[in-house]
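Colleague: Please take a close look at one part of this model for me. I would like the charged side-chain contacts explained step by step.

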Amino acid sequence: LRRQRQMCKETVLGFVTEEKEWVLDQFAGSFSLGEAALLNERNAICIEINEEYFEKGKERLLSAKSRSR
């Protein structure tokens, strides 16, 4: 189910943005939108007020960045 949700976000990003455009996620939470952006050649600004979520999300984005190379 998690992979299906991620694929859905990636598909939507493909429809509403072009490569290298910016995506704003003002309530980042798990940073899944930021991850989808990175994996699909988009730039992302992710905002999260909860420090615990932010730290987990930062790790998720670093992992996605290494996978996208």
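Modeller: One cut-off comes first: a residue counts as buried when its relative accessible area is under 20%. This is a predicted model.

Now its partners. E35 forms a salt bridge with R60, and the closest N and O atoms are 2.8 Å apart. E35 belongs to helix α2 (residues 32-39), while R60 belongs to helix α3 (residues 51-67), so this pair ties together parts that are 25 residues apart in sequence. R60 is buried, and E35 is too.

R67 also forms a salt bridge with E35. Here the closest N and O atoms are 2.6 Å apart. R67 lies in helix α3 and E35 in helix α2, so the pair ties together parts that are 32 residues apart in sequence. The setting of R67 is partly exposed, at a relative accessible area of 47%.

For context, a search of the whole structure finds 6 salt bridges. Among them is the one between the side chains of E10 and R3, at 3.8 Å from N to O. E10 has 16% relative accessibility, so E10 counts as buried.

Conventions. Residues are numbered from 1 along each chain as its sequence is written. This is a predicted model: local features need pLDDT of at least 70, side-chain atom pairs count only at pLDDT 80 or more; totals for chains, interfaces and linings use all residues. Side-chain values use heavy atoms; hydrogens and water are left out. A salt bridge is a side-chain nitrogen of Lys or Arg within 4 Å of a carboxyl oxygen of Asp or Glu. Buried means under 20% relative accessible area, exposed over 50%, partly exposed in between (1.4 Å probe, protein chains only). Helices (H or I, at least four residues) and strands (E, at least two) are DSSP runs, numbered from the N terminus.
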